[in-house]
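This briefing is meant for someone who is looking at the structure for the first time. It moves from a sheet and its neighbours to the core, and then to a few individual residues.

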Amino acid sequence: MASITRVEVHLFGYEVQDLELPAHGAAGVGNVVYRKGGRMPCTRYAVTIDSSDGARGAYVTHWVGTPAALAQTLMLAPHLLGRDPDAREAIYDDLKRELRAYDHMGHGPLDIALWDLAGKRLNVSVARLIGGFRTRLPTYASTYHAQDSGGGLDSPAAFADYAAACKELGFAGFKIHGWHDGDARREAANALGVRQAVGEGWPLMIDPACELRTWINALYVGRACDEAGYFWFEDPYRDSGVSAVGHQRLREKLKTPLLVSEHVRGLEQKAAFMLAGGCDMIHADPEYDMGITGALKIAHFCEAMGLDVQFHACGPAHRAVMAATRNTHFYEMALIGPGMPNAVPPVYRCGYSDQPNAVGADGCVPVPDGPGLGVAYDWTFIEKNRRQHHVFAQD
């Protein structure tokens with residue numbers, strides 16, 4: 001039986017062209033803006049896990065790669081040493097307990113790297129290993145938030161134009177992330193204007209990202225979604241997406257399905273939220289929800305309930321999980337905008353991409369089919385731009 005002998009965590013930095021943060025320079029909840037010639041600094045981290053038989057699994061974070069998640073990953077990494085790398089269920093259970101006082105955001109990257117290790121040891125893709133049957137995934141454009149400064153998504157007209165452009169490019173749908181001030185009238189007008197721009201039938205979604213100030217504001221925007229035939233209404237108001245009672249009452253008054261629970265963490269809590277009537281669809285994420293192991297548990301719970309699940313954000317782990325899930329609809333290319341590249345790390349040397357030009361004429365992106373996650377990372381880039389290097393090894 002193999003055992004885990006070494007875990008490494010690499011924090012690295014990079015810049016994204018034509019994007020910018022506010023004057024204070026701190027990344028927040030969707031506060032990225034477009035500025036021609038801007039250079040937005042980003043940090044993410046990579047995890048590698050070595051086993052005693054000479055195999056190595058790896059994962060590079062996308063949107064979970066925050067300082068808070070990194071701290072949790074560093075807390076958990078030593079607990080992997082000496083463990084059977086195939087005992088992912090037992091490891092999942094133990095790491096979940098270790099982070100019971102926290103939000104679990106650092107757990108996912110380790111679990112994903114364990115799945116990559118398993119696939120490489122067996123010379124099979126993770127998608128195949130978990131029963132994947134899809135090879136291409138219908139993909140929607142998920143926008144950056146609106147901005148008040150000129151450029152980017154700075155007006156309802158800009159949103160309408162960009163939605164029409166994404167439809168022309170072949171995307172399978174479009175999701176709005178609006179302004180941060182919680183102006184319900186502007187959000188509703190924007191939702192209606194985008195529908196008018198793209199015509200009937202093309203799937204539209206809206207995610208206020210909990211920006212609307214009150215339940216009544218959420219109801220107001222939800223009624224605009226009903227009028228415009230939106231596919232879902234996501235995380236609408238300032239309960240921060242965790243009030244099952246509030247969303248259950250909202251569901252009673254709207255026709256548009258509610259997609260909630262991105263900020264409700266893990267299987268048990270999401271199950272309780274859905275059983276309490278808080279949503280029509282669950283949101284899961286292999287980075288956020290304790291890895292591929294956790295995301296599959298959530299998808300299977302939704303299937304047992306006869307309901308749907310959506311996977312939040314993008315990445316090779318997300319594609320693998322969606323490939324093996326029947327009761328889901330779209331892959332989220334998050335986040336993009338006019339002249340605004342996706343800020344995910346530029347670490348792939350195999351052609352993998354979550355930029356808009358990766359979407360094919362069929363509105364889909366491919367599921368990687370190589371061993372493990374099916375991607376090859378540019379370790380030269382990661383090491384050249386490394387800012388921290390943490391090593392946990394058996395004596």
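Two strands are taken as paired if DSSP finds at least two bridges between them. The model is a predicted one, and in its strand S13 the residue Phe392 is the bridge partner of Val7. The points below begin with the sheet to which S13 belongs and then turn to other parts of the chain.

**The antiparallel sheet**

- Four strands, in the order S3-S2-S1-S13, make up an open sheet with antiparallel pairing, and its edges are formed by strand S3 (56-60) and strand S13 (386-393), each of which pairs on one side only.
- On average, neighbouring strands of this sheet are turned by 15° against each other, direction ignored.
- Seven bridges hold the antiparallel pairing between strand S1 (residues 4-20) and S13; in general, strands of a sheet pair through backbone hydrogen bonds, either parallel or antiparallel.
- Helix H3 (residues 108-122) lies across S1, strand S2 (33-51) and S3, and the helix runs at about 140° to S3.

- Strand S5 (residues 173-177) is largely enclosed by the rest of the structure, because five of its five residues are buried.
- In a regular strand the side chains alternate between the two faces of the sheet.
- In S5, Gly173, Lys175 and His177 point one way while Phe174 and Ile176 point the other way, and all of them are buried.
- On one pairing, strand S4 (residues 136-145) runs parallel to S5 over four bridges, with Ser142 standing opposite Lys175 of S5.
- The chain passes from S4 through helix H5 (residues 156-169) to S5, and this β-α-β crossover is right-handed.
- S5 is also joined to strand S6 (residues 204-206) by three bridges, again in a parallel arrangement, and Phe174 stands opposite Leu204 of S6.
- A right-handed β-α-β unit is made by S5, helix H6 (residues 184-198) and S6.

**Nonpolar cores**

- Which residues have the most contacts inside the largest nonpolar core? They are Phe174, Ile292 and Tyr377, in a core of 118 residues, and the largest share of this core, eight residues, comes from S1.
- Apart from this core lies another one of seven residues, among them Ala172, Met205, Trp232 and Phe330.
- Leaving out residues up to four places away in sequence, Tyr377 touches Ala58, Tyr59, Val60, Pro316, Val347, Tyr348, Arg349 and Ile382.

- The side chain of Glu234 makes a polar contact of 3.0 Å with the side chain of Trp232.
- Beyond its neighbours within four places in sequence, Glu234 is in contact with Lys175, Ile206, Asp207, Pro208, Ala209, Leu259, Glu262 and His283.

**Backbone details**

- Most residues other than glycine have a negative phi, and most peptide bonds are trans.
- Ala209, which lies in the loop between S6 and helix H7 (215-228), has a positive phi near 55°, and with a relative accessible area of 26% Ala209 is partly exposed.
- His104 also has a positive phi, of about 70°, although it is not a glycine; this residue is found in the loop between helix H2 (88-98) and H3, and at 9% relative accessibility His104 counts as buried.
- The peptide bond from Ala334 to Leu335 is cis, with omega near 0°, and Leu335 has its place in strand S11 (residues 331-336).

**Leu95 in helix H2**

- Leu95 has its place in helix H2 and, at 4% relative accessibility, counts as buried.
- Not counting residues up to four places away in sequence, Leu95 touches Leu76, His79, Leu80, His107 and Leu110.
- Leu95 and His300 are 205 residues apart along the chain, and their C-alpha atoms are separated by 21 Å.

Terms used: Residues are numbered from 1 along each chain as its sequence is written. This is a predicted model: local features need pLDDT of at least 70, side-chain atom pairs count only at pLDDT 80 or more; totals for chains, interfaces and linings use all residues. Side-chain values use heavy atoms; hydrogens and water are left out. Helices (H or I, at least four residues) and strands (E, at least two) are DSSP runs, numbered from the N terminus. Axes are lines fitted to C-alpha atoms, for helices over the stretch in contact, and angles run from 0 to 180 degrees between N-to-C directions. Contact means heavy atoms within 4.5 Å. A polar contact is a pair of N or O atoms within 3.5 Å; within protein, one must be able to donate a hydrogen and the other to accept it, and residues adjacent in sequence count only if both atoms are side-chain atoms. A nonpolar core is a set of buried Ala, Val, Leu, Ile, Met, Phe, Trp, Tyr and Cys residues joined through side-chain atoms within 4.5 Å. Buried means under 20% relative accessible area, exposed over 50%, partly exposed in between (1.4 Å probe, protein chains only). A crossover is right-handed if, with the strands pointing away from the viewer, the path from the first strand over the helix to the second runs clockwise.
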